[in-house]
Amino acid sequence: MWILGCGYVGQRLARHYLGAGQSLVALTRTPASCQALIAAGIPAQARDLAVAPLGDLAWAGEAVFHLAPPPAEGVEDRLTRHLVTAFRQTGHPRRLVYMSTTGVYGDCGGDWVDETRPTAPAVPRAWRRWDAEETLRAWSRESGAELVILRVAGIYGPDRLPLERLRQGLPLAREEDSPWSNRIHVDDLVSACVAAMARGVPGAVYNACDGHPSTMTDYFLRVADLAGIPRPPLLPLDEAAGKLSPGMLSYLAESRRLSNRRLREELGLRLRYPDLASGLPTCLPTLP
Ligand SMILES: NC(=O)c1ccc[n+]([C@@H]2O[C@H](COP(=O)([O-])OP(=O)(O)OC[C@H]3O[C@@H](n4cnc5c(N)ncnc54)[C@H](OP(=O)(O)O)[C@@H]3O)[C@@H](O)[C@H]2O)c1
């Protein structure tokens, strides 16, 4: 088994499989991350999947998790294209689970969205994800390798809360201007990955989210309250806009409520944390 892109989610996934006696290799981009994984007992190699020669990697016939994000520029995912070229040269994995994002749906005006919704990526980071999905779908058709795609909502968990932003007191859009947004607890995401690898239908896409959308503002205020950080100022969107990062503004421009029916009923995942009220308190022990 291979875990390509072994960061916050990948390390938890690796620990799950190693604990179950499964051997695996994790890949990261930088030697520093690689050393940290090895020190944590996770077998790892450092390789830049976007550019490095990959011909010596023995993933033919293996199960592969692809969790590496696209490079930060352009409208194509050079990394996934490079990876598929390497598969053609070295031999194809048996099954690949790809971690995509819900950004590929674009702005849905607050509609409920399931996996049958046509994709409509609207910003470069979403185009790159869509390109990665399309590249992998074409590769799967051509090679016969099994592909399962998870479209993942905002990930939260221990050590993955917006505490720094909250401490800075940066403003948020007031509740009535804040778009719908969707989350998943990292533990449930790891379970979704394991289920997708074990029994995901080849070719299927699953939304990986808790099924209880809230607004971006609601999420930040809940975290602030739990962490004992003063609530930030809430402003009308046009006023807040001048004070928000371009990244945050691009998230505020999209609103959708994601259904996880397929994840629960077809993939058979039982979520431990079906909403923020149940999930956020589990992130508290590591709060300073
Ligand atoms: N954050 C969210 O809310 C969210 C939502 C939906 C989907 N996702 C996606 O879910 C995936 C997993 O998320 P995460 O939070 O676990 O990400 P993460 O903590 O940032 O880890 C990313 C991993 O990918 C590696 N990587 C990046 N570029 C690489 C390259 N060119 N070659 C090889 N390895 C590379 C990194 O290695 P180095 O540490 O050495 O750089 C790191 O091990 C990512 O694709 C992320 O974009 C995230």
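This is a predicted model: local features need pLDDT of at least 70, side-chain atom pairs count only at pLDDT 80 or more; totals for chains, interfaces and linings use all residues.
Me: Which element supplies the largest share of the shell around the ligand?
Reply: α1 (8-19), β2 (25-28), β5 and β8 (154-156) each supply at least two shell residues. The largest share is three residues. That share comes from α1.

Me: Which residues come nearest to the ligand?
Reply: There are 24 residues around the ligand. Those that come nearest are G5, G7, V9, T30 and S33.

Me: How far apart are the end C-alpha atoms of helix α4?
Reply: Helix α4 covers residues 124-143, which is 20 residues. At 1.5 Å a residue, the helix should span 28 Å. The model agrees, with the end C-alpha atoms apart by 28 Å.

Me: What covers the buried residues of α4?
Reply: The buried residues of α4 include W130, L136 and W139. Their helix is followed by G144, whose phi is positive, near 80°. The cover over the buried residues of α4 includes α3 (78-90), β5 (95-101) and β7 (146-152).

Me: Is F220 buried or exposed?
Reply: F220 lies in helix α7 (residues 216-227). A residue needs 20 or more C-beta neighbours within 10 Å to count as buried. F220 has 22 inside 10 Å, so the residue is buried.

Me: Which residues is F220 in contact with, leaving aside its neighbours within four places in sequence?
Reply: F220 and L163 are 57 residues apart along the chain. Their C-alpha atoms are separated by 8.9 Å. Beyond those sequence neighbours, the contacts of F220 are P162, L166 and L172.

Notes
Residues are numbered from 1 along each chain as its sequence is written. Helices (H or I, at least four residues) and strands (E, at least two) are DSSP runs, numbered from the N terminus. The expected span of a helix is 1.5 Å times one less than its number of residues. A residue is buried if 20 or more other C-beta atoms lie within 10 Å of its own, exposed if 12 or fewer, and partly exposed in between; C-beta atoms are placed from the backbone. Two residues are in contact if their C-beta atoms, placed from the backbone, lie within 7 Å. A residue is near a molecule or strand if its C-beta atom, placed from the backbone, lies within 6 Å of it.
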